[in-house]
Structure formats: C-alpha cells, structure tokens
Amino acid sequence: MGCCYSCFFDPGVPDNDEWRHMPAPDSAENYTIQKCGMFSKDYNVYHGTDEPSEDNRQLWMNKEGDWWTGKAYIDIENFHLKTEGEPNNPDDEKRGQVLWHSQFIDTPHFEQHVSFGAGRHERFLGFFDGYDSDDDDEYYGRVSHSGQFWNKFIVKFSCRTSAKISPGKTKKGVNFRPGIDLTLNVFSKGTAVRIITRTWEEDRDEEGNVTGHHWAYHNHDQEFVDWIEYKLTAPGGVTVAIFRCQGTGNSSTWECPIFKATKEGGFFSEGDCKVETKAGWDPLLGLMLAHLCSSEYSPNQIKRDFVPNFPGRNRFRYGKANRPRGNLWYAPEGDDRDQETLNGAEYEGGISIDPEMFQAIPGYNREFYMVPPFSEEELAAEAEEEQELNQEKPKIEIDWGDLANCAPTQPCAVLRKVPAHMETDPETGLLVFVPISFEALTPPPAQEKVEEEIEVVIDESDDEE
C-alpha cells in the first residue's frame, strides 16, 4: 500500500558480527526499523532499541513493485549471500536469504457516505465493536479555517485490504523460518471533514486597477483515521490474532501477543519504529507484522490513499433539517450484528491463540534451514584448524578382514592399513583377536645374517667320466 517512487537501495553487508547470527524461532527480540533514505522504499533493521548504528545493523527490508499493479512485495532479508554454496538470486548476487515474504494481493477498497440529517446509514464495522466515533463538533473543531462560513460536510469512510505473508524458501523448497502461509486482513474507519468559507475579493486588471468584486470560496479539508483493525488468519480461516490501533495523534502503538510496536512522528516526517517481539513466536514474523502495520497500513498511509467525495458547496445548505449530521450513524442490532466482532473496550492489547496451537495448525512446517552463524572465511579457517589437529594425533585404521563384525567400537583415525592376527590366550587356550598397536609397527632390530658353511664333496669317479 502506498506509492513506490524511490530508487533501488543496496545497504551492503554490515561491518559487524551481528548480521551473522539469526534469532531463535521462539525468542523474544527487540528491533528498530529505520527508513534507508528520504526517497527510498527500503528499511534497515537494527538489533535492539538503542540508537541505530553500523554496530547493530542486522537485517533489511526490501520492497519491490507498486501496490496498485498487484505485484508489490516486501522481503525481510539477511546478508548471507549464498545458501549451500550457491547465490540466493542468480540475477542479483548481492541479495540475501529471504526470511519472510509479504505479497500485496489487492488494492485498498474504500467505501464512503456523506452524513446528512434526512437519512440514517449503517455504521462501518470491522473485527471489533463496542466503540463509536467522536461527535461531529469534535471533528469540526480540529479544522482550522478563516473567512465567512458557508457550509460544512462530514464523510464517513472505511477501507478493507489484505496481504499474504509466508516464510522464505531455499531453491530446494526448504523454509528459512518455521511457519505457515498467513493472511493479514486490514479494516480501517475514519472521518473526513470539509468546511467551506468565502471571502469578498477584488477583481483587478493587468495594470492592477480594481474592476469589480466577487465571492471566493475556500475548502478546508482534513481526514481522520479513527481506528485501524488487523486480523491475522491461517489457511482454513483460522484466526491467529486480532488487534487494533487508534489513528489519532502524532504517535501510534500496535500491540498484540505476538509483538508491540511504537512509532513517533507526524504526517510528513515519521520517526523510527521500535519493535518488541514476544516469546514463543518467531521474532521475524512479529517484525514483518510490525513493519506492515507501521508503514503500509499505518494511519498516515491510509490518509494518503483516501480521496473523499464531498458534495457541491451548496448541497444541504438550506434548511436546518438538511444539515449534515454524522451522529445519526448507527450499528446494526440483533441478528444483523456480526457475532464474531469483539468488544474493543475489553481487548486493548489484542488477542491471539497460543503459540502451541498456532504450530498445531495443519500445514505448519517446523523444519527450516538453519543459517550458519559464521562467514565462509571463518568456516574454512575452522575446517583447516580441525584438519591440522587430526594430523597431530595419528591413529591406526585396522583392516579387519573377515572379522569386521568383531571389531572394537573405539573410534580411530586413518594412518595406514595393517593386517590383524589371532593369538592363543594362555589362560583359556582359546584363540582371541589381537589388533596390532602402533608400537607393533616398529620394525624389529636388525639381526646379523649368519651364512652356513656347506661342505661340497666331489666324486672323482664321476669327473673322470
């Protein structure tokens, strides 16, 4: 959701050891999400909530595509550029492993109605109930204006959209993180206000001379997001978590049993997002949810995407009964009310199923590719060191022959192969297998060879013949 007008941003491998270590799939972690630049659509992720620096930069969020084309997505990537010795992306060898992937599957759908006194409209309801919007005067009082009052309007609106969330996979189809495909459903409701004023202004010619007067009308518009509600579901319509965020104010807070996120800043300058993930859930899943809620589905982003349809300036102007009145909106009663809606006043921190129940959902994949915590250079150095240690302690590998089933179970390294032999046990008289020891390979001391004298007797008679 939102406009993708920025250029590609490559953050580069961090100059620290933090990026080499991935969090456990059920650990509680803290993160800080910071935009890479003013015109960038990507974000750096820093481990911890301290001041972001190169020392704690660990991950990054890469956004590609445009939400209005239906081809936009966001990936949480690390900086491990290869998996099992091959690049993660053959077309771009600077891409890391995709830990979680989010796909925008639709464009935001807005509904809006002008509130007026002659009719009543059903109030927009999402996943929560039990709270109402402010009175009309409260919204009008937030709009600053000058000039002679002419008219005013209130528009109530709602927005529904959703995104797919799934674990990233290796080329062989193995998950980088345990999990299951999920859908984040988003509902928001708000109010748009227009106050119309007019001023008596002069008409002037090119030389600046006054040629007449006219009424100039001015529109003073402002949009307010009252509430945003989020519903995370698994395949089969299983509800995993439901939570909400109030849209007013310069700071926003999102909280549920999976994560808690806080973001400071106004409409034009948003601050960093501080994320606290909860134990028992994959912290990177919580990180993805926090990012979607605080950026793509935040109050400011919804206000940017919404365009109110106000009536003409003279509509409903004459007659007190025709004055717009937003407080005539009502909630359905009885059988018409959605039985699955929750009372918003009773679940301030949101609700979710237990992590054990989440992992028991059919299709949940517990197996995942464990990212090695060391760089390739460190792994090569460790293997070389281990090889040197093995060479310093040579041992013997026995050629057991037909007695392989009787071989001792003690491990030994390869030096060279030597034959084994059988000896008679002096106590039992039985033949026993005796492996040759390293000392037995020492050649025996050299012995002086003694030549025997042989007497040769020659028969003279034979010689004569």
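**Contacts and overall make-up**

I started with how far along the chain the contacts reach: among those between residues at least 6 apart in sequence, 65% join residues at least 24 apart. I am working from a predicted model here. I counted six helices and 22 strands in the protein. Of its 465 residues, 41% are buried.

**Confidence**

I looked up the pLDDT next, and the protein averages 78, with 67% of the residues scoring at least 70. Residues 2-7 have a pLDDT below 50, and this stretch makes 20 contacts in the model beyond near neighbours in sequence. Residues 410-419 also fall below 50, with 25 contacts counted in that way.

I went to β3 (residues 57-64) and found seven of its eight residues buried, so the strand is largely enclosed by the rest of the structure. β3 runs antiparallel to β2 (residues 43-47), and four bridges join the two. In this pairing I see Tyr-46 opposite Arg-57. β3 also runs antiparallel to β4 (residues 73-77), joined to it by five bridges. Here Asn-62 stands opposite Asp-75.

Is Asn-62 buried or exposed? Its relative accessibility is 0%, so I put it down as buried. Asn-62 is in β3. Leaving out residues up to four places away in sequence, it touches Asp-42, Tyr-73, Ile-74, Asp-75, Glu-77 and Arg-95. I then checked the charged residues on that list and found that Asp-75, Glu-77 and Arg-95 are linked in a network of salt bridges.

**Salt bridges**

I get 11 salt bridges in the structure. Glu-54 pairs with Arg-57, with the closest N and O atoms 2.9 Å apart. How covered are the two partners? Arg-57 has 5% relative accessibility and so counts as buried, whereas Glu-54, at 34%, counts as partly exposed.

Which residue does Asp-282 bridge to? I found Arg-177, with the closest N and O atoms 2.7 Å apart. This pair links distant parts of the chain, as the two residues are 105 apart: Asp-282 is in the loop between β16 (270-277) and α2, and Arg-177 is in the loop between β10 (148-167) and β11 (182-204). Asp-282 comes out at 6% relative accessibility and therefore counts as buried. Arg-177, at 3%, also counts as buried.

I also noted a bridge between Arg-204 and Glu-202, with the closest N and O atoms 2.6 Å apart. Glu-202 is partly exposed, because its relative accessible area is 42%.

I followed the chain from β11 into β12 (residues 210-234): they run antiparallel and 22 bridges join them. Asp-203 has Gly-212 in β12 as its bridge partner. The two strands form a hairpin with five residues between them, and Gly-208 in the turn has a positive phi of about 90°.

β12 then pairs with β13 (residues 238-246), again antiparallel, over eight bridges. Lys-231 has Ile-242 in β13 as its bridge partner. This hairpin has three residues between the strands, and Gly-236 takes a positive phi near 90°.

**Helix α2 and the cores**

Which residues touch the most other members of the largest nonpolar core? I found Ile-165, Tyr-230, Phe-259, Leu-287 and Phe-358, out of 63 residues in that core. α2 gives the most to this core, with eight residues.

Note on methods
Residues numbered from 1 in each chain as written. Predicted model: local features only at pLDDT ≥ 70, side-chain atom pairs only at ≥ 80, totals over all residues. Heavy atoms only, no water. Salt bridge = Lys/Arg side-chain N within 4 Å of Asp/Glu carboxyl O. Buried < 20%, exposed > 50% of the residue type's maximum accessible area, 1.4 Å probe, protein only. Pairing = 2+ DSSP bridges. Core = buried A, V, L, I, M, F, W, Y, C linked by side-chain atoms within 4.5 Å. pLDDT = per-residue confidence, 0-100. Contact = heavy atoms within 4.5 Å.
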